[in-house]
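Visitor: I am new to this structure. Could you help me learn to read it?
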Amino acid sequence: MKILSVLTALFFIASTSCQKILDKPGPNQISFAGEAMDYAQLPLNRYFIYKDSATGDFDSVGVTQSDLSNIDNPAYPGTGLLDPPTPAYNHQKFKLTLTKLNGSPAIWFQGVADAYNSNLYYASTSLSILTFYGNDNIISPNEVNGYGFSYPTPSFDTVLNFPNFKVGNNIYNNVLGFISASAQDGFTQPWDFNSTYYWAKGVGIVQRTVRTIYGTTTSFLERYGN
């Protein structure tokens, strides 16, 4: 009987602890940090002219998609302690596509970010990291990885911060550089890559370098406009 009483007490304590967590209200809105959007949310139809450092060729690139949407998720009642309920919430999703417009049209950069994060249900803040998962026109389509941008808490190998950053004859302020790699010990597969993207606040990508088994391509922003 003593064993049964102890087990009953332990179950009651565990149930009470879980209930306290579940009763804590979650945020109604899970949004990207505004600072992240200042870098990544580019105006539709903005154009960029990039110069290839190796060939001297120019690429005309346009913002063909810059969609910020809100997704409603209803409350989930749950089925028990191992499948707890979750409150109703709304979370942002952002899609950005830059398309090469000259020559053979191709996606120059594409990223999809979702503010959904189950850890934010009971968090004191509703601000979420904006991390792009996608690829570009250099890396093999077989490689879909998180790279190119992640803010405010970087999830990349290396993040660089420049108050001023010179590209060609132009100087850009508030630039973040993101370095990411799929291969640390050499390049052996078509989808192996090492990329560095530099984003200027309010402008977009001002420089990128992508290395694969086929070589290294660096693009410098010559000019841009709306």
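Guide: We will go through confidence, then strands, then aromatic rings.

Guide: This is a predicted model, in which local features need pLDDT of at least 70, side-chain atom pairs count only at pLDDT 80 or more, and totals for chains, interfaces and linings use all residues. Residues are numbered from 1 along each chain as its sequence is written, and side-chain values use heavy atoms, with hydrogens and water left out.

Visitor: Where is confidence lowest, and where is it highest?

Guide: The score is pLDDT, the predictor's confidence in each residue, from 0 to 100. The chain averages 79, and 74% of the residues score at least 70. Helices (H or I, at least four residues) and strands (E, at least two) are DSSP runs, numbered from the N terminus. Confidence is lowest in helix 1 (residues 2-22), with a mean of 40, and highest in strand 2 (residues 47-52), at 96.

Visitor: How many bridges join strand 11 to strand 12?

Guide: Two strands pair if DSSP finds at least two bridges between them. Here, strand 11 and strand 12 run antiparallel and are joined by 7 bridges; Trp199 has Ile205 of strand 12 as its bridge partner. Their hairpin has 3 residues between the strands, and Gly202 there takes a positive phi near 80°. On to the next neighbour: 6 bridges join strand 12 to strand 13 (residues 215-225), again antiparallel. Arg211 stands opposite Thr216 in strand 13, and 2 residues lie between the strands of this hairpin.

Visitor: Why is strand 12 described as largely enclosed?

Guide: Buried means under 20% relative accessible area, exposed over 50%, and partly exposed in between (1.4 Å probe, protein chains only). In strand 12 (residues 204-212), 7 of the 9 residues are buried, so the rest of the structure largely encloses this strand.

Visitor: What angle do the planes of Phe149 and Phe178 make?

Guide: A pair of aromatic rings is described by the distance of the centres and the angle of the planes. Rings of Phe, Tyr and Trp (its six-membered ring) pair if their centres lie within 6.5 Å; planes under 30 degrees apart count as stacked, over 60 as edge-to-face and the rest as tilted. The count comes to 16 aromatic pairs. For Phe149 and Phe178, the centres are 5.1 Å apart and the planes at 55°, so this pair is tilted. The pair links distant parts of the chain, with Phe149 in strand 8 (residues 145-151) and Phe178 in strand 10 (residues 170-181), 29 residues apart. Both Phe149 and Phe178 are buried.
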